[in-house]
Amino acid sequence: MNDSLRDELESLLFDWDAGTLGDAGIDRVREILRSDESARAAYLQHQLLNAAMGLDASSRLDADSGTISQVSEPELDLAKQNIPSALPSDHFFRVSLWAVAATTLLFCGLLGRLAYLEFSDSDTVAATEAIEEVTSSGVALVTQLVDVEFEPDQVSLDVGDALMPGPIAIKSGFAQIEFFCGATLIVEGPAEIDLKSSVLASVTSGKFRAQVPPAARGFSIEVDDMKVVDLGTEFGLAVTENGADIQVFDGEIEVHSPQSDKRLLTTGQAIVRNSVGEFSTGKITPDRFVDIASMESRADGQQTQRYEAWKTLSNRLSRDPRVVAYYSFDEQGAWDRKLHSSVRPDNDELDGAIVGAGKVNGRWPAKSGLEFKRPGDRVRVRIPGEFDSLTFACWVKIDSLDRWYNSLFLTDNYNEGEPHWQILDTGQLFFSVRHKPDDLNGQPIKGPTHQEVLSPPFWKPSMSGRWLHLATTYDADAGKTTHYLNGERIHEETIADQLVVRETRIGAASIGNWSIPTKPDAEFAVRNLNGSMDEFMILSDALSENEIREIYESGKP
């Protein structure tokens, strides 16, 4: 293979990896590979290199907890679960097995891509997918948090987090935990609780109120060597260094202790066990323990406060001179299929046209979002101007990453200076800015046309249905791209000098989809976001980590 052909193949493969290669380009790749054995070898080397880079990034993940173990980047809390401080002794063995499995899958993927090139044509694509059942893990879910402050050594939890067995330490505030067996536990801090399984917890201190429907009968709580077994009821438990106060508000429970016979308590009964294991009759004081209704009322009040705090920040952002485009999704009344610009002073030219996407609930009851469910759903925008650095940020609720490319924001084409921001089916944030001129109508450009900046995989099915804040900054002066998840930096990468774009532009583009490629018969690549979006902004500056964190903290539901 001569140098010219090698350069052409490399350029085509870079565009394919970026998802910007059209049918003509795919046909050209197919033609080159069929005609030249050395080209096929070069193709395999290119794909294996990408696979190795992917494995290198992914191998930084703890195979059990899903956290990044590389010390040069901030730790990414994915599972928000009770993460041990030290890795188990067989960690390396398991990661090695995982790497071997991943390599095998990637090799199969390469063979699949070769088969695609060899046997498919432009009009008919025969896709073969290896279907594996999606798995998750946990014994309980966090369903409400009100004014919670966690102990310093406790990983912070968010509503929706799945909880693995292990300790939870709350300094103050209230947490509602729903066990997979059906029991609901309201925890009031300061409290320490150790989740043992989906039907058992051990507590050291704090106040707890358990609601256990018949389906969860048998749910138990241990306090030292005492065990409280619920028989379908609602009870309160207060634990201090002086002992435990057990109160039955409805139904009945069993109290097991090695110092005495089994005790049965029914509605209206209470006992106190002191620090040496002696029991005495207690008083019923249900108002001391927050119930589910009170918890919901407190949560509603907290949501109202957070919504008002976000509106204050939103108002400030709408007047920030660095804002290029801003859609708060907070328009009251009928939207008339328009996503009105929130930039002040008003500029109707920035209004987006809603195509297909449906209005849904946003982060708060008083706020709306847009759902991008069908392949054609999108918001069309036109953003004029030329810039240097850029920041993209949005609140998004991902239902599933079931497309190769799940669009967040894509310019219609991919010409010089235009950015593409999306999520891969691997759960990685993807950002690139095209460095070379458009070659759609001419000879392919030799060499790479852009640098793809991929974050480590951040998404997994247990995050489905949760609002996430995603942000990416492109610093043209420093030549760096940085990805953020929920206000935390998850990846930063230096752009090769020859690929840094000093002048960026947007023009016609789509939120939540891509408008090309479209074939003559109106077929198009399915790249819509499968989920919902609530707030989207572009700024002509690379925001600092503190500014990204402020946007997240002020906007989290």
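The model is predicted, so local features need pLDDT of at least 70 and side-chain atom pairs count only at pLDDT 80 or more, while totals for chains, interfaces and linings use all residues. Residues are numbered from 1 along each chain as its sequence is written, and side-chain values use heavy atoms, with hydrogens and water left out.

## Overall composition

The secondary structure of the chain comes to six helices and 29 strands. Helices (H or I, at least four residues) and strands (E, at least two) are DSSP runs, numbered from the N terminus. Of the 557 residues, 49% count as buried; buried means under 20% relative accessible area, exposed over 50%, and partly exposed in between, with a 1.4 Å probe and protein chains only. Among contacts with a separation of 6 or more, 61% are between residues 24 or more positions apart, where contact means heavy atoms within 4.5 Å.

## Sheet and strand pairing

Eight strands form an open sheet with antiparallel pairing, in the order β15-β16-β19-β28-β21-β22-β23-β24. Two strands pair if DSSP finds at least two bridges between them. The edge strands, each pairing on one side only, are β15 (338-339) and β24 (453-454).

Within this sheet, β22 (residues 419-424) and β23 (residues 429-433) run antiparallel and are joined by five bridges. Ile423 has Leu429 in β23 as its bridge partner.

Strand β14 (residues 323-327) is mostly covered, with five of its five residues buried. Four bridges join β14 to β29, and the two strands run antiparallel. Tyr327 stands opposite Phe536 in β29.

## Aromatic pairs

The structure holds 13 aromatic pairs. Rings of Phe, Tyr and Trp (its six-membered ring) pair if their centres lie within 6.5 Å; planes under 30 degrees apart count as stacked, over 60 as edge-to-face and the rest as tilted. Two of the pairs are set out below.

| Pair | Centre to centre | Angle between planes | Class |
|---|---|---|---|
| Trp310 and Trp364 | 5.8 Å | 40° | tilted |
| Phe409 and Phe536 | 5.4 Å | 25° | stacked |

Trp310 lies in helix α5 (residues 292-318) and Trp364 in the loop between β17 (358-361) and β18 (368-372), so this pair ties together parts that are 54 residues apart in sequence. Both Trp310 and Trp364 are buried.

Phe409 belongs to strand β21 (residues 405-411) and Phe536 to strand β29 (residues 531-539), so their pair ties together parts that are 127 residues apart in sequence. Phe409 is buried, with a relative accessible area of 1%, and Phe536 is buried at 0%. Ring pairs link Phe409 and Phe536 with Phe392, Trp421, Phe431 and Tyr474 into a cluster.

Ser432 lies in strand β23 and is buried, with a relative accessible area of 1%. The side chains of Ser432 and Tyr414 are joined by a polar contact of 2.7 Å. A polar contact is a pair of N or O atoms within 3.5 Å; within protein, one must be able to donate a hydrogen and the other to accept it, and residues adjacent in sequence count only if both atoms are side-chain atoms. Leaving aside neighbours within four places in sequence, the contacts of Ser432 also include His420, His450 and Glu452.

The structure holds four cavities of 30 Å³ or more. On a 1 Å grid over the protein atoms alone, a cavity is a set of points where a 1.4 Å probe fits but cannot get out, and lining residues have an atom within 4 Å of a point. About 50 Å³ of space lies in the largest cavity, a volume being the space filled by probe spheres set on the points. Its lining includes Phe431, Ser432, Val433 and Tyr474. The largest share of that lining, three residues, comes from β23.

## A buried loop residue

Phe219 lies in the loop between β5 (200-212) and β6 (220-223) and is buried, with a relative accessible area of 1%. Beyond neighbours within four places in sequence, Phe219 is in contact with residues including Phe179, Val212 and Val229.

## Backbone features

Most residues other than glycine have a negative phi, and most peptide bonds are trans. A cis peptide bond joins Gly189 and Pro190, with omega about 5°; Pro190 is in strand β4 (residues 184-197). Another cis peptide bond joins Arg344 and Pro345, with omega about -5°, and Pro345 lies in the loop between β15 and β16 (352-355).

Phe329 has a positive phi, near 60°. Phe329 is in the loop between β14 and β15 and counts as buried at 1% relative accessibility. Glu535, in strand β29, has a positive phi near 90° and is buried at 3% relative accessibility.

Terms used
On a 1 Å grid over the protein atoms alone, a cavity is a set of points where a 1.4 Å probe fits but cannot get out, and a pocket is an open set with protein on both sides within 12 Å along at least five of seven lines; lining residues have an atom within 4 Å of a point.
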